[in-house]
Amino acid sequence: QVQLVESGGGLVQPGGSLRLSCVASGTRFSIVNMGWYRQAPGKQREWVTTITNSGPTGYADAVKGRFTVSRDNAKNTVYLQMNSLKPEDTAVYYCRLINLNYWGQGTQVTVSA
């Protein structure tokens with residue numbers, strides 16, 4: 001059974017940084033494509049970034065230049081490094097195993113002074 005568990009969210013001041021992690025189990029992690037998405041209050045869930053086994057395939061315009069996705073296949077983990085955070089980055093962040101359409105439970109990121 002596939003499981004995705006996110007961690008690393010929290011409260012951070014504008015301009016700060018956070019690193020989210022998503023650990024996958026029950027799958028051959030090295031061959032799957034992983035994505036990060038986010039959902040702000042009152043808004044639809046939106047795509048943030050995708051990473052294949054070859055590396056990142058792109059970023060949403062809103063996060064380009066500030067967020068970086070990476071993966072460690074030995075640890076079955078995908079990361080999202082978020083720098084220069086803004087209040088508009090406040091959302092629940094989800095990782096997704098794209099090939100099988102599994103989602104994690106989400107981790108809250110709040111950017112506020």
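Trainee: In which strand is Thr77 found?

Mentor: Strands are DSSP runs of E with at least two residues, numbered from the N terminus. Thr77 belongs to strand β8, residues 77-82. The model is predicted, so local features need pLDDT of at least 70 and side-chain atom pairs count only at pLDDT 80 or more, while totals for chains, interfaces and linings use all residues. Residues are numbered from 1 along each chain as its sequence is written, and side-chain values use heavy atoms, with hydrogens and water left out.

Trainee: Is Thr77 buried or exposed?

Mentor: Buried means under 20% relative accessible area, exposed over 50%, and partly exposed in between (1.4 Å probe, protein chains only). Thr77 has a relative accessible area of 5% and is therefore buried.

Trainee: What is the order of the strands in the open sheet?

Mentor: Two strands pair if DSSP finds at least two bridges between them. The order here is β1-β3-β8-β7, with antiparallel pairing. β1 (3-7) and β7 (67-72) stand at the edges with a single partner strand each, so one side of each has no neighbour in the sheet.

Trainee: How many bridges join β1 and β3?

Mentor: The antiparallel pairing of β1 with β3 (residues 18-25) runs over 5 bridges. Leu4 has Ala24 of β3 as its bridge partner, and Ser7 stands opposite Ser21 in β3.

Definitions and conventions: Helix = DSSP H or I, 4+ residues; strand = E, 2+ residues; numbered from the N terminus.
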